[in-house]
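Visitor: I would like to learn how to read a protein model. Please show me one feature at a time.

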Amino acid sequence: MDDLFIKGSSIGDTIYYLRIIKGISRKQLAQMLSVSERTISNYENNKTHPDITVISKLSVIFGVSMNLLLKGYEPERKSSVLDPL
């Protein structure tokens, strides 16, 4: 799945790719989010952007981080003194 994501891709592109990968129709995703199919289409075509509560729900539905949805990739994690050895 990582190869489909391009650093800096739009949130609409990311939503589209994740929806297709998961085999979810626009209608199904709209029902899961309690929005219209038109709203999903607008997200995917970058006409409108989901608010933070929708982004949070999308991250759960797709099983990805909010970072991936917002930025199109997972930033590399820097090690910390709190990380286990």
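Visitor: Is Glu 44 buried or exposed, and why?

Guide: Buried means under 20% relative accessible area, exposed means over 50%, and partly exposed lies in between (1.4 Å probe, protein chains only). Glu 44 counts as buried because its relative accessibility is 5%. This is a predicted model, where local features need pLDDT of at least 70, side-chain atom pairs count only at pLDDT 80 or more, and totals for chains, interfaces and linings use all residues. Residues are numbered from 1 along each chain as its sequence is written, and side-chain values use heavy atoms, leaving out hydrogens and water.

Visitor: Which side chains meet Glu 44 in a salt bridge?

Guide: Side chains of opposite charge can pair when their charged atoms come close. A salt bridge here is a side-chain nitrogen of Lys or Arg within 4 Å of a carboxyl oxygen of Asp or Glu. Glu 44 forms one with Arg 19, at 2.5 Å from N to O. That pair links distant parts of the chain, with Glu 44 in helix α3 and Arg 19 in helix α1, 25 residues apart. Arg 19 is buried, like Glu 44. Glu 44 also forms a salt bridge with Arg 26, at 2.8 Å from N to O. Here the partners are 18 residues apart, and Arg 26 sits in helix α2. Arg 26 is partly exposed, because its relative accessible area is 30%. Shared partners join Arg 19, Arg 26 and Glu 44 into one network.

Visitor: How many helices and strands are there?

Guide: Helices (H or I, at least four residues) and strands (E, at least two) are DSSP runs, numbered from the N terminus. The protein has five helices and zero strands.

Visitor: Which residues of helix α2 are buried?

Guide: An α-helix has 3.6 residues a turn, so residues three or four places apart point the same way. In α2 (residues 26–33), the buried residues are Leu 29, Ala 30 and Leu 33. They lie on the same side of α2, because they cover an arc of only 100° around the axis (taken from the directions from the helix axis to the C-beta atoms). Their cover includes α1, α3 (37–44) and α4 (52–62).

Visitor: What follows α2?

Guide: Ser 34 follows α2, and its phi is positive, near 55°.

Visitor: How much of the protein is buried?

Guide: Buried residues make up 32% of the 85 residues.

Key:
Contact means heavy atoms within 4.5 Å.
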